[in-house]
Amino acid sequence: MNQLDLLPSSSAVDAYITVILPLALPKLYTYEVPIEFSGKVKTGVRVEVQFGKKNLYSGLVYQVSDQKPDAYTPKPITAVLDENPVVTMEQLQFWEWLSKYYCCTMGEVMNAALPSGLKLASETRIILSPLFDENFTGLTDKEYLIVEALSIQNELTISDIQKILQQKSVYPLIKSLLEKRIVYLHEELKHKYKPKLLTCVRLAEPYRSDSKTLQNAFEQCKRAQHQEAALLSLVQLSRDKKPILKSHLCKMANVQSPVIKALEKKEIVEIYKMEVSRVGGYEDDLIDTFDLAEQQEQALEKIQEVFKEKNIALLHGVTGSGKTRVYVELIQKAIQNGEQVLYLLPEIALTAQIVHRLQKIFGDKIAVYHSRLSNNERVDMWKAVLNGKSVVLGARSSLFLPFKNLKLIIIDEEHDPSFKQNEPAPRYNARDAAIYMAHLQKAKVLLGTATPSIETYHNVKNGKYALIEMPERFGGLKLPEIIIADVKEEMQKRKLQSHFTTVLLDHLKTALENGEQAILFQNRRGYAPQLRCETCGWTAECIHCDVGLTYHKFTNNLRCHYCGFQTKQPTSCPACGVHKLTIKGFGTEKIEDELKIYLPEAKIARMDFDTVRTKNAHSKLISDFEEKRVDILVGTQMVTKGLDFDNVGIVGVLSADHLLYFPDFRATERAFQLMTQVSGRAGRKHKQGKVIIQAFNTSHPVLPEVIQNNFSTFLDRELKERYDFNYPPFCRLIRIQLKHKKKDRLLEAGKIYFNFIKEKLKHRIIGPAEPGIPRVRSYYLLDILLKLERKKNVLEGSKKLLLEAKIALITTKGFSNVKVNIDVDPY
């Protein structure tokens with residue numbers, strides 16, 4: 001990549017730019033720069049270009065040169081959208097690496113990286129902001145025409161706007177209206193985005209502009225003591241010339257909301273909504289950090305020491321050891337040095353506690369970036385980071401933000417599978433990608449977890465990463481006592497009550513009597529995963545996927561957890577007509593329902609995907625549990641992530657077998673991590689907690705390793721098994737998945753693809769074969785797995801061959817509709 005400066009005016013007409021478009025194109029496209037844009041085009045700015053017969057896109061300048069392409073005559077760009085680059089050179093290098101390593105296109109990386117507001121297209125729909133008050137002041141004639149048309153038609157595509165204005169280049173106008181908050185992109189409605197609004201109060205006219213008329217206002221309130229007090233407070237607050245929050249006014253005047261409403265009816269005040277940005281908007285009081293414990297001080301000193309020699313370190317600390325406090329100290333030091341920090345968490349929505357804790361320490365210096373932000377909020381965040389925002393707390397997508405002085409990346413819970421992007425491309429692992437990005441930015445990386453991934457610890461053993469350990473809980477608290485409850489034995493003795501062992505129920509009753517709370521973990525949502533006819537064996541299955549439908553009692557329907565298909569529960573068997581249908585298995589909804597039978601006095605809540613769909617539902621559940629309005633919290637793996645409660649005495653794992661016998665080479669690793677993490681929720685503050693793990697097979701080797709928190713024994717055994725069967729970290733995996741709606745066509749495509757690669761890859765190929773679920777969303781699936789040696793030339797040569805095979809397949813007559821997904825490191 002050539003890093004060129006602004007185009008010289010004299011040669012602008014002869015200049016050409018390579019542009020990244022938000023499309024999955026195998027190659028980048030070249031455009032001509034007309035002379036009127038001389039001196040405006042440089043790497044990293046956006047330009048408006050035409051691609052295809054009619055479609056317009058905002059593309060990103062990747063390279064500027066004077067070389068005209070030989071294969072085609074380039075089209076001219078129609079507008080330059082930015083004065084300064086919106087993407088840095090380091091970002092473009094990062095995108096290039098992602099596209100090569102993860103076998104995808106630069107356009108797919110751009111789609112994942114840029115907020116929607118920075119990558120408009122002809123099909124993009126624009127709507128009028130619900131806050132627009134028909135004030136056209138400050139609009140140009142063309143902006144006025146767009147807004148007027150939107151007030152009539154509700155929404156317009158960019159193509160519609162081109163017709164209204166009778167001009168091709170409209171992106172600069174739309175960009176201006178977006179920045180003025182007069183219009184929004186339609187996608188924000190699909191995500192149910194609501195601007196953050198504050199209710200404010202101000203004096204109505206003429207009282208606002210003429211203080212002499214205020215005497216009349218007080219005359220109207222002289223018989224209403226509360227109204228008079230509210231008006232007096234409002235006049236005092238108005239002297240600061242700042243917006244006055246209704247809640248602040250009520251608090252200052254010691255009045256209730258109806259008093260302000262009464263003043264509005266008398267036309268003395270106006271109540272209005274004010275939109276505020278969520279970036280840097282933390283308004284609560286900040287707190288000081290407490291002193292470091294001896295273990296934390298030692299860990300901090302060692303981190304600073306090892307960073308002098310190594311760029312990557314693993315902080316391996318047991319649950320509750322106080323790792324977050326060490327992170328805080330490192331962040332504070334970076335802020336003092338004027339550096340930027342990226343703090344990566346697996347899922348922001350599920351880690352509300354830690355987000356709030358860090359905001360109370362850093363206030364406006366920290367910004368939160370995640371998928372639930374609106375398009376406009378994402379653009380605001382993008383600009384804030386480009387302008388040097390100190391700390392960004394984010395999920396995997398925050399890797400794409402335009403850092404200019406990034407010096408520290410903290411990856412908390414580095415083992416978590418949520419760091420892996422599965423669909424769509426790029427199918428990247430944020431942990432691995434962050435390490436490469438740190439290399440580009442010359443930054444340090446700190447990986448933190450109580451249960452390191454096998455790959456990470458293997459890198460520690462090989463000397464690639466430094467290791468810092470925190471083996472004790474903060475305050476000297478003991479790790480929880482772990483008890484294995486034998487489900488098989490209780491079934492044989494007929495002691496099992498529904499899905500609960502007597503051991504678990506007795507401990508739950510004792511905890512509740514002592515005023516303690518409990519968390520129950522079952523990694524399956526819904527009421528029951530199977531509805532079956534006992535007479536003929538019929539089971540309810542999805543019409544789009546080869547998977548059983550899950551029964552949900554609350555909605556009394558059957559649901560597919562893969563495609564979302566729903567149907568009513570049948571009253572009789574569709575196959576034989578018998579009315580006796582039974583449900584098999586159990587999920588979180590059934591646990592919540594049946595627990596009420598055995599513990600009728602307990603207040604029980606459920607935390608899974610069904611109960612936290614809305615933006616604030618998760619935070620409310622956590623708040624209710626923290627405030628002890630809930631006694632028992634039942635949940636999926638959401639309850640294992642980032643939660644820290646003072647009063648949890650008991651944690652129950654309802655079925656360890658579901659975790660241990662999942663058909664995946666990582667099953668025991670995931671099981672060890674999940675059980676250890678959920679166990680860490682017990683007894684974190686005042687006393688030692690207890691963990692009850694229910695299992696049919698109590699002799700599984702992972703269970704004693706979890707009981708003893710014996711990571712080293714688990715690691716040695718797991719590494720030996722991986723070595724014996726040639727799995728990561730001793731090889732590289734690449735999964736190729738072919739998709740088509742016709743099974744016979746898919747099988748034929750699998751043969752073509754396999755024949756193309758078998759000559760060179762030989763014994764490294766496993767498959768083609770159907771996966772465990774061979775049809776999802778009406779597409780039949782076929783998998784090919786590659787096990788490759790950990791050699792750079794083998795990996796690069798294999799990727800090149802796979803991409804050639806993909807092109808060969810989709811260019812074969814009759815197979816253009818076959819989808820080929822290449823997933824590098826598919827775990």
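Phenylalanine 711 and phenylalanine 714 are both buried, where buried means under 20% relative accessible area, exposed over 50% and partly exposed in between, with a 1.4 Å probe and protein chains only. I start with this pair and work outward from there. Before that, the ground rules. This is a predicted model, in which local features need pLDDT of at least 70 and side-chain atom pairs count only at pLDDT 80 or more, while totals for chains, interfaces and linings use all residues. Residues are numbered from 1 along each chain as its sequence is written, and side-chain values use heavy atoms, with hydrogens and water left out.

Back to the two rings. Both phenylalanine 711 and phenylalanine 714 sit in helix 24, three residues apart, about one turn of the helix. Helices here are DSSP runs of H or I with at least four residues, strands are runs of E with at least two, and numbering goes from the N terminus. For aromatic pairs, the rule takes rings of Phe, Tyr and Trp (its six-membered ring) whose centres lie within 6.5 Å; planes under 30 degrees apart count as stacked, over 60 as edge-to-face and the rest as tilted. By this rule the count is 20 aromatic pairs.

One of them is edge-to-face: phenylalanine 665 with tyrosine 827, at 6.0 Å centre to centre and 85° between the planes. This pair links distant parts of the chain, with phenylalanine 665 in the loop between helix 21 and helix 22 and tyrosine 827 in the segment after strand 34 (819-824), 162 residues apart. Phenylalanine 665 is partly exposed at 22% relative accessible area, whereas tyrosine 827 is buried at 16%. The pair I opened with, phenylalanine 711 and phenylalanine 714, is tilted, with 6.2 Å centre to centre and 45° between the planes. There is also one aromatic cluster made of Phe94, Trp97, Tyr101, Tyr102, Phe400, Tyr428 and Tyr436.

Next, charges. The structure holds 39 salt bridges, a salt bridge being a side-chain nitrogen of Lys or Arg within 4 Å of a carboxyl oxygen of Asp or Glu. Helix 24 comes up again here. Glutamate 718 and arginine 722 both lie in helix 24 (residues 711-725), four residues apart, about one turn of the helix. They form a salt bridge with the closest N and O atoms 3.2 Å apart, and both residues are buried. Salt bridges that share partners join Glu455, Arg666, Glu669, Glu705, Arg717, Glu718, Glu721 and Arg722 into one network.

Glutamate 455 forms a salt bridge with arginine 666, where the closest N and O atoms are 2.6 Å apart. Glutamate 455 is in helix 16 (residues 454-461) and arginine 666 in the loop between helix 21 (656-660) and helix 22 (667-679), so the pair ties together parts that are 211 residues apart in sequence. Are these two buried or exposed? Glutamate 455 counts as buried at 10% relative accessibility, and arginine 666 counts as buried at 4%.

Now a salt bridge with other surroundings: glutamate 205 and arginine 208, with the closest N and O atoms 3.7 Å apart. Here glutamate 205 is partly exposed at 42%, and arginine 208 is partly exposed at 41%.

On to helix packing. The axes of helix 7 (residues 214-221) and helix 8 (residues 225-238) come within 8 Å and cross at roughly 155°. That makes helix 7 roughly antiparallel to helix 8; angles under 35 degrees count as roughly parallel, over 145 as roughly antiparallel, 65 to 115 as roughly perpendicular and the rest as oblique. Leu214, Ala217, Phe218 and Cys221 of helix 7 make the contact with Gln225, Gln227, Glu228, Leu231, Leu232 and Val235 of helix 8, contact meaning heavy atoms within 4.5 Å.

Last, two loop glutamates. Glutamate 516 is in the loop between helix 18 (502-513) and strand 20 (517-521) and counts as buried at 12% relative accessibility. Not counting residues up to four places away in sequence, glutamate 516 touches Ala511, Asn647, Gly649 and Lys687. Glutamate 541 is in the loop between strand 21 (530-533) and strand 22 (550-552), and is partly exposed at 48% relative accessible area. Leaving aside neighbours within four places in sequence, glutamate 541 is in contact with Val547, Gly548 and Leu549.

Key
Axes are lines fitted to C-alpha atoms, for helices over the stretch in contact, and angles run from 0 to 180 degrees between N-to-C directions.
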